Amino acid sequence: MMDINIKNGITYVGADDGQRRIFDELIGLPDGTTYNSYLVSGKEKTALIDSVDPTKKDVLLKNLKSCGVSSIDYIISHHGEQDHSGAIPDVLEAFPMAKVITNAKCKAELIDLLHIEDEKFIVIEDGQEISLGDKTLRFIFTPWVHWPETFVTYLAQDRILFSCDFLGSHYSFKKLFVDDNNEIFIAAKRYYAEIMSPFRSLVRKNLEKIQPLEVDVVAPSHGPLHKGKDFITGCYSQWASDDVKNEVMLVYVSMHGSTDRIAQYFAQSLEKKGIKVHKFNLADADTGDIAMALLDSATAVIGSPMVLAGPHPKAVFAAFLVKALRPKTRFLSVIGSYGWGGKLVEQLADILGSTGAEIIEPVMIKGYPKEADYKLLEELAGRIKTKHQELGLS
Ligand code: FEO
């Protein structure tokens, strides 16, 4: 059985969801996930840090019972999203004297999403502290990691940072603490790419805000806990930087083989020019893998056949994903095939136009590619190489 004691008076009471394979019906969970909740028992007051997904409310209530908790004074709600707030109504029912401590934005969300009564709340401001007796909780607002209301809590006496989604990972664990940073690196990167990357300038600001804190333990709301903050904040600093690499993220879909040939040839052309290619067939690609590849790639290219006079719907999804993730990608292009015509490029460009990236002249090929078409693909690869070189990438 897992040791659930983090420090004196601080206990893990969260729930494992190792079998879950998709989040938001969008994000694959190859390693499952956890919904972390923490009980902080001071000499005078007891606080619960976040709750769990409503599907796991019984686990949380059982864990609280196992800890012998007779009363909870405060429930700290860092984030309105239901995987952390969803069991708060159940905790309030079990501990009716408890008050929900949160900021004004999160309070409004909790009222809308969970119908928690107004009188249950204590609204805090950025930097405010609440004493549990011998332990003091300091609330630090960290907006947009990844919703507007998100904040973190610092427990100075124990040097613990309860960071909620920020600095977390979807990773089911058997031991509370990360043993080997290599083990958690990909899960943390996937998680960052999927939900944090659109807000990278705010991620940087929030990293600066927590930088002065002396932290022995980072306790996020998903995945294992970190000993110290340097590893995970170092990763975030790199991912949230504006730095891009000499890499291309190429996603494509093919119906009858033409776009597949085009994509394979184009990928080889790029690789021959020394550019690393992250290639995904949209027929079975994982959204998280695409998001990770987008994190550092200087260029993204979407490959699509013409369907019903427009792009294949899976290519539309990919273009919308690129737009939604707002990656630091500097260049975009489109490759593909058609039989008789249509508005494939125009429709994808409409979606991608607001990303701010430069669109490099697409290459559309009629039917199976011929010698002249392969030359066009070579030329596009060459233009991308030149663009990368102009950025100083090699
Ligand atoms: Fe883990 Fe944004 O909820």
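Predicted model: local features only at pLDDT ≥ 70, side-chain atom pairs only at ≥ 80, totals over all residues.
Residues are numbered from 1 along each chain as its sequence is written, and side-chain values use heavy atoms, leaving out hydrogens and water.

Now to the rings. The structure holds 12 aromatic pairs; rings of Phe, Tyr and Trp (its six-membered ring) pair if their centres lie within 6.5 Å, with planes under 30 degrees apart stacked, over 60 edge-to-face and the rest tilted. One of them joins Phe 185 and Trp 239, a tilted pair at 5.7 Å centre to centre with 50° between the planes. Phe 185 sits in helix α5 (residues 181-196) and Trp 239 in helix α7 (residues 230-240), so this pair ties together parts 54 residues apart in sequence. Helices here are DSSP runs (H or I, at least four residues), numbered from the N terminus.

And how is Trp 239 itself placed, buried or exposed? Trp 239 is buried, with a relative accessible area of 2%. Its ring also pairs with Tyr 192: the centres are 5.4 Å apart and the planes at 40°, so that pair is tilted. Tyr 192 is buried too, at 0%.

Putting the rings together, Phe 166, Phe 185, Tyr 192, Tyr 236 and Trp 239 form one aromatic cluster. Thanks, folks!

Conventions
Helix = DSSP H or I, 4+ residues; strand = E, 2+ residues; numbered from the N terminus. Buried < 20%, exposed > 50% of the residue type's maximum accessible area, 1.4 Å probe, protein only.
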